[in-house]
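Dear colleague,

Please find below the structure that I am handing over to you. My findings follow it, and I would ask you to read them with the structure open.

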Amino acid sequence: MTPVKAPEPVRAKPDAVAVAAVEPAREAAIAEAGAAQVGEHLGYLVEGERLVTHYFASTHPGYRGWRWAVTVTRASRAKTVTINEVVMLPGDDAVVAPEWVPWSERVQPGDLRPGDLFPTLPDDPRLEPGFTDTTDAPDDVLTVVEELGLGRERVLSPFGREDAAERWYAGDFGPTSAIAQAVPYKCYSCGYWIRLADSLGQAFGVCANEMAPGEARVVAYDYGCGAHSDATVEAPDHPNAEHAFDTTGYDTLELAQSED
């Protein structure tokens, strides 16, 4: 009989009657799962004063590495134990489900599909109140508000702008990407580069060249690729090759007359 190592030390002394109650504990496990599902006794764990948990191997093929835990206790001056609970617990080699993660942490960029909704947290640090009330505003004012992007309940906060800028600049369309390092051209001098209108336009724009890898994407001003508008290739002059056949003259040939 080998004591099972406890995650935290228990100062209570092992109760001799509870420790010796292996068979009553086994009978309780068999009553719960059946004799075919209860294996050998793996040891015990002192849980407290006159409180011991006995462990039995699970022989169920779908629960390899799991064990039956039967907790027994003994009242003061009592000579027999009482079964407290019977549960199945995973062992060190048990196959268990991965730790549960909230949906807000499981969803990653690119997971959103048509019809899905990803609500924004009320305290999202990337957003701040818009402070623009357009209630009962005349049509001409609403037109200007729409053009300026005002009238929204929440807008991008300074933290949100900085977070986006750092992510974009360090991404695949920033200056440290492999394709940008391989060419001398930069987006800020490219005719296909459309600068963003707000403060992020100081460092970012959108590529409008369908042949470029960053087409329709936000690219850094010092990103670059081989589809730059100034990238030209001079075609060498090739000499005209002589005709393989003489197409300017002809030869007269006499055909033999048939006897018929």
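Which residues do ring pairs link into a cluster? In this predicted model, the cluster consists of W168, Y169 and F204.

The search of the whole structure finds five aromatic pairs. One of them joins Y169 and F204 edge-to-face, with 6.4 Å from centre to centre and 85 degrees between the planes. Y169 belongs to helix 5 (residues 158-169) and F204 to strand 8, so this pair ties together parts that are 35 residues apart in sequence. F204 is buried because its relative accessible area, 3%, is under 20%. Y169, in contrast, counts as partly exposed at 32% relative accessibility.

F173 and Y223 form another edge-to-face pair, with 5.7 Å between centres and planes at 70 degrees. F173 lies in the loop between helix 5 and helix 6 (178-181), and Y223 in the segment after strand 9, 50 residues apart. F173 is buried at 16% relative accessible area, and Y223 is buried at 2%.

Strand 8 (residues 204-207) pairs with strand 9 over three bridges, and A220 in strand 9 is the bridge partner of F204.

Elsewhere, the charged end of R67 sits over the ring of Y55, 4.2 Å from its centre. As for the whole protein, there are six helices and nine strands, and buried residues make up 26% of the 260 residues.

Yours sincerely

Methods
Residues are numbered from 1 along each chain as its sequence is written. This is a predicted model: local features need pLDDT of at least 70, side-chain atom pairs count only at pLDDT 80 or more; totals for chains, interfaces and linings use all residues. Side-chain values use heavy atoms; hydrogens and water are left out. Two strands pair if DSSP finds at least two bridges between them. Helices (H or I, at least four residues) and strands (E, at least two) are DSSP runs, numbered from the N terminus. Buried means under 20% relative accessible area, exposed over 50%, partly exposed in between (1.4 Å probe, protein chains only). Rings of Phe, Tyr and Trp (its six-membered ring) pair if their centres lie within 6.5 Å; planes under 30 degrees apart count as stacked, over 60 as edge-to-face and the rest as tilted. A charge sits over a ring if NZ of Lys or CZ of Arg is within 6 Å of the ring centre and within 35 degrees of the ring normal.
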